[in-house]
Amino acid sequence: MKKIGILGACGMVGSTMLKVLEERDLPVSELYLFDVGEAVGKTIDFKGKKVTVEESTLEIFDRGIDICLFAIDTPISQKYAPIAAKKGCVVVDNSSAWRMDKNVPLVVPEVNGGDIFGNNGIIASPNCSTIQAVTAIAPLHRAFVIKRLIYSTYQSVSGAGVAGIADLARTNKGEAPQCFPYPIAGNVIPRIDVFGEDGYTGEESKMIQETRKILHEPNLKVTATTVRVPVEIGHSESINITFEKPFELEEVRKILENADGVIVQDDPAKDFYPMPKLIAGTDQVYVGRIRRDFSAENSINLWVVADNVRKGAATNAVQIAERLIKGE
């Protein structure tokens, strides 16, 4: 049994972490919930008991918390995580604060779960779009060795949190946007995060660098275009892969069907393929539209969809905690 905390417990991701903790029935001896502002003092049900949300302070880690899930912004994580780690708490961080730190493992349990145990008190959970992508491609990389990756994403407004969902509702009514640079209703915005000097957005750079780190392939050729679409929950991705080795499509399907955390939905004749509206609220990564790319040797196209709030954030963090507790 472990003492587990959630920092940022009342936000979209934090409240989903709590839900997933209960669903997966982790062995929790004591649960601590932390937040700021109006959330402090609120009581939340967990396994039939009421837990009071406490104020987030630097002293919260003095009580022997074993694992704390962070659903907070990057600057707060940078301040709190080292203190928690020094006091013996293992932080599972959902922000971008530690993802590219060479001393912090970046983990998707189905892909590189063994990296969890090389932590120095901080474990990073990747970007939501990266999580679903690598869950699908990692088993294929092991079989055929990926030579080049092209990501094109269609990301839901919940990727921007509650503010993103509110902006979709707001602009659906013809009101001015407050979260995105343009109205998202009836629109597609080819920008997520800020643009860098190279013309890539922060989200695109994250996908590129995080994929390399998770797969332990620092020189892997990867490019990405990330796009915001007027969908509330669920990110979709078109992934083009060039392998070093030849493959058969049936072989690819069997590998994906047997892959941990992956569900294949691929029957074009029956219009059966993954869509965000149908997978919201689930924890798996769905793959369809599996087809050969005839324009390049040893190349393939995949369509990959997942719930970005659950598997793309909350569930992945809880799965990391689960592996820590099991110690395997």
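**Entry 1. Salt bridges**

I began with a network of salt bridges that links Glu23, Asp283 and Arg310. I took a salt bridge as a side-chain nitrogen of Lys or Arg within 4 Å of a carboxyl oxygen of Asp or Glu. The model is predicted, so I note that local features need pLDDT of at least 70 and side-chain atom pairs count only at pLDDT 80 or more, while totals for chains, interfaces and linings use all residues. Residues are numbered from 1 along each chain as its sequence is written, and side-chain values use heavy atoms, with hydrogens and water left out.

For helices (H or I, at least four residues) and strands (E, at least two) I used DSSP runs, numbered from the N terminus. Arg310 and Asp283 are both buried; buried means under 20% relative accessible area, exposed over 50%, and partly exposed in between (1.4 Å probe, protein chains only).

A search of the whole structure gave 14 salt bridges. I recorded Arg99 with Glu210, where the closest N and O atoms are 3.5 Å apart. Arg99 lies in the loop between strand 6 (90–93) and helix 3 (109–112) and Glu210 in helix 6 (residues 202–215), so this pair ties together parts that are 111 residues apart in sequence. Both Arg99 and Glu210 are buried.

I also recorded Glu54 with Arg63, at 2.9 Å between the closest N and O atoms. Glu54 is partly exposed, with 26% relative accessible area, and Arg63 is partly exposed at 30%.

I traced an open sheet of six strands in the order 9-8-10-13-12-11, with mixed pairing. Two strands pair if DSSP finds at least two bridges between them. Strand 9 (221–228) and strand 11 (262–264) are the edge strands, each pairing on one side only. Neighbouring strands of this sheet are turned by 25 degrees against each other on average, direction ignored.

I found Tyr286 in strand 12 to be the bridge partner of Ile263.

**Entry 2. Helix 4**

I placed helix 4 (residues 128–144) across strand 8 (146–155), strand 10 (235–243), strand 11, strand 12 and strand 13 (299–306), and it runs at about 25 degrees to strand 10. Axes are lines fitted to C-alpha atoms, for helices over the stretch in contact, and angles run from 0 to 180 degrees between N-to-C directions.

Helix 4 also packs against helix 6 at about 40 degrees, with the axes 10 Å apart. That makes helix 4 oblique to helix 6, since angles under 35 degrees count as roughly parallel, over 145 as roughly antiparallel, 65 to 115 as roughly perpendicular and the rest as oblique. Residues of helix 4 that meet helix 6 include Ala133, Val134 and Ile137; on the helix 6 side, Met207, Glu210 and Ile214 are among them. Contact means heavy atoms within 4.5 Å.

**Entry 3. Asp167**

I looked up Asp167 in helix 5 (residues 162–172). Asp167 is buried, at 0% relative accessibility. Leaving aside neighbours within four places in sequence, Asp167 is in contact with Pro177, Gln178, Cys179, Phe180 and Ile184.
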